[in-house]
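Today I opened a new model and worked through it from the whole chain down to single residues.

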Amino acid sequence: MEPNLLKQLLLKNHQDAIYQTHSQFQCPSQSQSLCVPMADSRERIRGPSRDGREFLTSPRQVLRRLMLLSEGRQYREAAGVVGRLGPSVLHSVIAELPIDLLLEHLPHSAYLLESFYSRLTTLNTTPKPDVPSETVAWQLVRLFANPHESGLRQRCSKLLHALAQYEPGLRQTLRDRRRSFDNAVQGLGVHGLTTDVSGQLISLHVALKTELQRHVDTYKMAIHKLEELSMVTINQDPAHSSHQRLLAINYGDIQQRLIDNKTLLTMLDKPALKQLHTLVENLSSRVENDKDMLSCVGQVKRLDPQAHIEKRPAAGLLMNFSRGCEVVLHLMGPESLPPSPVAVNKASATVTATATATGSNSSCSDGYHSDDSASEDGSEMVSHYRNLYIENRADALEALDSLPQLKHVHSLKGKILFSMIVLSFRLCHGMRERKVLEVRRVLNCALDSSCETTLALDRSVRHHLHETTDSFPLGEIERSVFNQVLSTLHEYPCLESCPPLTHFVSACVRLAWRMINQKAPYYLDTDFNLGFLRPEKHERHPQSDRRSDLIKAFLWPALMQNNQCAFKAVVAT
């Protein structure tokens, strides 16, 4: 028997004896009736406690008790023990607790883990104990990425809520990781076909080979021409290029010099030769996107060693983990922040300025008008996106209905328009990232640099793109979107001569460019798996079967901003 436990038993027996003597002195007639309860009390003290309180004084005994209960999967009883621990004992237990074993038994051990985080939040001790909160979060992401058990959300919702209260910074970590997964999946879209000088779609490697061969042939001709001219210019006396001699050149010499230089310029300044820079940019973008993809897959492999990444499509793997991050963020609940005094002062100042402006009939604006403008711009963007679906898509669909070749393929028409809006966002996002990297390359900044100067340069470039969205040339992206659709549906050449479809592509590209260049960029939800309808991000088409929640097709993608759904996806059930 432990010394502390023995001391407690002796103390309890002494107190019982005093109580019995005192009772007999006050009421001797009741002494007989008190004997049985007193004996029962002593018996309970000698036996093991029914609620585990005898272990609350020694961290080692508490840890032993928790492990025994966990081995028997009695996690609720173990949580009850944790709920009564004091700060010092709790810190000692957490320092020695094998969290890895509890993580292996998730979601069954979620109740015990939730009790730890709730108790830590309630005690609010400083400094915080070293708890692997991020490891717990990523284990839950792994579970939700490949859900196999029913009731997984109900079991883990309280744990995630307690985890978010204890470590509020985990939300941003999950958002950043999810964004990197989504960007890596979007980056796979740049590995398609590219256009050559004539506008035909070909492989990038074939386009590079053709372009380089064109450069080689042109440079050979230019070198041959320069060799013909070298007999006159290579050993020319420097005095012949003096200012006085140049002023003395006659008409025939000027004419011959013009002919020679014009011949060289015609050889070297061909529009076809200017495509190499674009192809090299495309190649650079593909290399960077593949680096990001491999980096994200490596992160997934570290999170889940049993993922078998070599046998699974990389895009599906990252989309599953991105969905897991989304579920975890949703179950963490809304992020509630207490209002700061600065925000309260700003709000009161805004109300005061508005009242003053209204009372004086003044048209001047106060210093907080920018917040309202940003909100109005956001609602305007969403309104344009809604109109693109309701009006522009309806016009394009009507034009496709009038084409005889598409008369009997009703589902294909909607898929064509759906592909165009998705491609528009994907290619506009790639264009923006290429422009940022291009400025870095021109100014000799390392492409993977993370210093403050380089990041400030990136912010300046993105701000410039935000300010020039209405005037930025997007003809290249529009042609690329249209050509990719035409190359996929080459058996329907009638699409090429459909002006409303061209106008629809132009509207999609222009709106996508404006939306991704906002200060808080908009992006499409790329989860197009045909699962069950989710009311928070899916809206049923009016002509769908309302008795079924199984999604048959996506008609219009969901619009997202800051991990919030700004416009729900339109689906057919």
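I take contact to mean heavy atoms within 4.5 Å. On that basis, of the contacts in the protein chain with a separation of 6 or more, 72% are between residues 24 or more positions apart.

**Ground rules**

I am working with a predicted model, where local features need pLDDT of at least 70 and side-chain atom pairs count only at pLDDT 80 or more, while totals for chains, interfaces and linings use all residues. Residues are numbered from 1 along each chain as its sequence is written, and side-chain values use heavy atoms, with hydrogens and water left out.

**Whole chain**

I looked up the secondary structure and found 21 helices and eight strands. Both are DSSP runs numbered from the N terminus: helices are H or I with at least four residues, strands are E with at least two. For burial I use relative accessible area with a 1.4 Å probe and protein chains only: buried is under 20%, exposed is over 50%, and partly exposed is in between. Of the 573 residues in the protein chain, 38% are buried.

**Nonpolar cores**

Next I went to the cores, each a set of buried Ala, Val, Leu, Ile, Met, Phe, Trp, Tyr and Cys residues joined through side-chain atoms within 4.5 Å. The largest has 62 residues, and Tyr385, Met420, Phe425, Leu495, Trp556 and Leu559 are those with the most contacts inside it. Among the elements that each supply at least two residues of this core are helix 17 (369-401), helix 21 (499-516) and strand 5 (553-556). Helix 18 gives the most, with 13 residues.

I then asked which residues phenylalanine 425 touches, not counting those up to four places away in sequence. My list reads Tyr385, Ala512, Met515, Ile516, Tyr522, Leu524 and Leu559. I also noted a second, separate core of 60 residues, which includes Leu66, Leu69, Leu120 and Leu331.

**Cavities**

Rolling a probe the size of a water molecule over the atoms shows where empty space is left. My cavity is a set of points, on a 1 Å grid over the protein atoms alone, where a 1.4 Å probe fits but cannot get out; lining residues have an atom within 4 Å of a point. Grid points are joined across faces, edges and corners, and a volume is the space filled by probe spheres set on the points. I count four cavities of 30 Å³ or more.

The largest cavity has a volume of about 80 Å³. Its lining is Arg178, Asp182, Met319, Ser322, Arg323, Glu326, Asp525, Thr526 and Asp527. Helix 10 (170-187) and helix 15 (314-331) are the elements that give two or more residues to this lining, and helix 15 has the largest share with four residues.

For residue classes, Ala, Val, Leu, Ile, Met, Phe, Trp, Tyr, Cys and Pro are nonpolar, Asp, Glu, Lys and Arg are charged, and the others, Gly among them, are polar. The lining of the largest cavity then has one nonpolar, two polar and six charged residues.

The second largest cavity holds about 50 Å³ of space, and its lining has seven nonpolar, no polar and no charged residues. I list Ile94, Leu97, Ile99, Leu113, Phe116, Tyr117 and Val131 there, with helix 7 (residues 110-123) giving the largest share, three residues.

**Cysteines**

How many disulfides does the structure hold? I found zero, counting a pair of cysteine sulfur atoms within 2.5 Å as one. For cysteine 428, the nearest cysteine sulfur is that of cysteine 508, 9.8 Å away. Cysteine 428 is buried at 0% relative accessible area, and cysteine 156 is buried at 0% as well.

**Two asparagines**

Most residues other than glycine have a negative phi. Asparagine 444 has a positive phi of about 60°; it lies in the loop between helix 18 and helix 19. Asparagine 563 has a phi near 65° and sits in the loop between strand 6 (559-561) and strand 7 (564-567). Are they buried or exposed? Asparagine 444 is exposed at 72%, whereas asparagine 563 is buried at 18%.

**One last residue**

I finished with alanine 164 in helix 9 (residues 152-166), which is buried at 5% relative accessibility. Leaving aside neighbours within four places in sequence, alanine 164 is in contact with Arg171 and Met332.

Notes: 1 Å grid on protein atoms, 1.4 Å probe; cavity = no way out; pocket = protein on both sides within 12 Å on 5 of 7 lines; lining within 4 Å.
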